[in-house]
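Subject: Two-chain model, handover and findings

Dear colleague,

Here is the structure I said I would pass on. Please look through it first; my notes follow below.

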Amino acid sequence: MSGGASPLATFWGNFVENRVAVVALAVVVAILVLAVAAPLIAPQDPYDLAGLSLLDARRGPGHVGAGGYVHWLGTDAQGRDLVSAILYGLRISVQMGLLAGMFALIIGASLGITAAYLGGRLESLVMRVVDLQLSFPAILLALVLAALLGQGKGQLIAALVAAQYAYFARTAYGAATAERRKDYIEAAAATPLSGRRIVFRHLLPNCMPPLIVVATVQIANAIALEATLSFLGLGLPVTEPSLGMLISNGFPYMMSGRYWISVYPGIALVVLIVAINLVGDQIRDQINPRLRR
Amino acid sequence: MTGFAIQRLLQAIAVMLVMSAIVFLGVYAIGDPMELLIPPEAPQDIRREIVARFGLDRPLWVQYLTFLGNVVQGDFGRSFIYNMPVLDLILGRLPATLELTLAAVLGATLIGVPLGIYAGYRPDRAGARIVMALSILGFSVPTFWVGLILILTFAVSLGWLPAGGRGATVELLGTQWSFLTANGLSHLLLPALNLALFKLAMMIRLARAGTREIMLTDTVQFARAAGLAETTILRHHVLKLIAIPIVTVFGLELGSTLAFAVVTETIFSWPGLGKLIIDSITNLDRPVMVAYLILVALLFVTINLVVDILYAALDPRVRRGRTA
């Protein structure tokens, strides 16, 4: 560890030492840019039905369609350009992952830290529920909730958050119980500061590192879960075609050898998830003091 | 030990009561089952009669107690779609799922643990790096996507293995099993592989982490000093010491693999429980959903209970720590 540099600069210095993680980070950033800029760079608006021609349906990669440009990754059953559909799909998938991850972080971390700080009955009740939920697979919970709440963006985010908040709550609780015993919290508690202020200004910032690690992993998980639910037909409505739905739409055509409708959106999904996980892995290795060499 | 077991059992029963209440409220109180059962044009008196017959005019807690009473007697009601007792329906599908799950978890353990021990024993070898890279992929890549690629590669392109179904089955102990025929095995291979990948990654990581830690301990140093062969050390000391977490995860994963089977069974048209629950969700077959969820919860609670007790039996520290 270099003495003078700020913690963030040191962290970044260690991060760039792992080339795989740097490439992964670059991929994540590139995908974010592509997702945000999708309407500007996609050759076609895949949801403008007037712009689609059934003559172009299910054409292989490299086909030149009615629009006069090359469909580099082919077209789907409605004659949509897959490059455009994937870009728009990434947009929806990334959005769902970020929103679900953020809400799960806020709800889970608040619950975990409050439970650790206040203790008593609330602590045992909250942590009982959280542990109970953790022993239950998230995918099943999300599946059932998505089925019960019905289709829609809001409903799906609620289902994902309900399935994932427990991971944040457990992590925050673990970090906060460790921090709580330290002197600075005792000192703060001895002053007339309000409990809320101590929790949010003192306890929370010191619990952040493990929460950030869980957040990266859970965003990737949320994206994978959303894709899985959409693939099973329980996710987003047809008007919001995420990557999972694109893959699902192409599945029937796979048997007849038209692999590209499913395979390319799937590759986009896998690259996104693997890249986020690699970045998360590196952050975890750097934060975990036991692995620091 | 007995005190510990009884305490755990009581906890498990409490958890099951809470779970059944949540499932009941979730499935029955959200949305109106009457919308499904009564045609909209039905006159008021018929509507009232049906509501009374299903007991839906009574307070919610009375309904819940009635439901609980029926469940304890093994009566989960009748499926709306298949028009047969839900329990029979579920028990009929269970063997297919059990077969798939066991094949996947056993395969993952038998392949994953040796690979993990190797990766932990020689962490700097290229082989170990490849194993770890594979395990990251196994964790990251969504199950359904791996399933599609397996079908595309081995069923569509190469034509080696079938893309779905259970194949020929043989009756044993009153139920049909696929793994006893060559045709059934060929149908089992792809879905089992698909379901196993995530667990394989987990087993590799677990075994590697355990091995790395144990290789640095005095136990190993001493065994080496005593002149034991490296393979003997790995087999007798390392494997034994990493066995406890692996047994735990094996048990816990058996349950979560059942949950993941939902995805794999849908892709490979494997006629098990997972396909049943997806079908019942799309058809709004509520009795099947409730029964499935309660049975899965029961399974999880039982597995947790058994693992906890086994753990206490294997490791006396746990026993003393918790009963004290």
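A salt bridge here is a side-chain nitrogen of Lys or Arg within 4 Å of a carboxyl oxygen of Asp or Glu. By that rule R205(B) forms a salt bridge with D281(A), the closest N and O atoms being 3.6 Å apart. The pair runs between chains, from helix α8 (residues 182-215) of chain B, which holds R205(B), to helix α10 of chain A, which holds D281(A). Please keep in mind that this is a predicted model.

The interface

How many salt bridges cross between the two chains? The rule finds one across the interface of chain A and chain B. The contact itself draws on 35 residues of chain A and 36 residues of chain B. The size of an interface is often given as the accessible area lost when the parts come together. For chain A and chain B the buried area is about 3,100 Å², with 86% of it on carbon and sulfur atoms.

Salt bridges

Over all chains the count comes to four salt bridges. R284(A) and D281(A) both belong to helix α10 (residues 260-287) of chain A and sit three residues apart, about one turn of the helix.

Is D281(A) buried or exposed? D281(A) has a relative accessible area of 17%, so it counts as buried, the cut-off being under 20%. Its two partners count as partly exposed: R284(A) because its relative accessibility is 34%, and R205(B) because its relative accessibility is 23%.

In chain B, the side chains of D279(B) and K275(B) meet in a salt bridge at 3.6 Å, N to O. Both residues lie in helix α11 (residues 273-282) of chain B, four residues apart, which is again about one turn of the helix. D279(B) is partly exposed at 21% relative accessibility, and K275(B) is partly exposed at 23%. Salt bridges that share partners join D281(A), R284(A) and R205(B) into one network.

The chains

Chain A has ten helices and two strands. Read from the N terminus, its elements run α-α-β-β-α-α-α-α-α-α-α-α. Of its 293 residues, 49% count as buried. The accessible surface of chain A is about 13,600 Å², and carbon and sulfur atoms hold 64% of that. Among contacts in chain A with a separation of 6 or more, 68% are between residues 24 or more positions apart.

Chain B has 13 helices and two strands. It has 324 residues, and buried residues make up 44% of them. Chain B exposes about 16,100 Å², of which carbon and sulfur atoms supply 67%. Among its contacts with a separation of 6 or more, 72% are between residues 24 or more positions apart.

Nonpolar cores

The largest nonpolar core has 152 residues, and I267(B) and Y292(B) have the most contacts inside it. Helix α8 (residues 195-231) of chain A gives the most to this core, with 17 residues. A second, separate core has 15 residues, including Y121(B), I214(B), M215(B) and V220(B).

Which residues does Y292(B) touch, leaving aside its neighbours within four places in sequence? Y292(B) is in contact with L140(A) from the other chain, and with I90(B), L258(B), V262(B), L273(B) and I277(B).

Helix α3 of chain A

A115(A) lies in helix α3 of chain A and is buried, because its relative accessible area is 0%. Beyond its neighbours within four places in sequence, A115(A) is in contact with L122(A), E123(A), V126(A), M127(A) and Y173(A). One of these, M127(A), is twelve residues from A115(A) in sequence and 7.6 Å away in space, C-alpha to C-alpha.

L111(A) is also found in helix α3 (residues 82-118) of chain A. At 32% relative accessibility, L111(A) counts as partly exposed.

Best regards

Definitions and conventions. Residues are numbered from 1 along each chain as its sequence is written. Chains are lettered from A and ligands numbered from 1 in the order in which they are written. This is a predicted model: local features need pLDDT of at least 70, side-chain atom pairs count only at pLDDT 80 or more; totals for chains, interfaces and linings use all residues. Side-chain values use heavy atoms; hydrogens and water are left out. A nonpolar core is a set of buried Ala, Val, Leu, Ile, Met, Phe, Trp, Tyr and Cys residues joined through side-chain atoms within 4.5 Å. Buried means under 20% relative accessible area, exposed over 50%, partly exposed in between (1.4 Å probe, protein chains only). Contact means heavy atoms within 4.5 Å. Accessible areas come from the Shrake-Rupley method with a 1.4 Å probe; for residues, only the protein chains shown count as cover. Buried area is the accessible area (1.4 Å probe) that two parts lose on being put together, summed over both.
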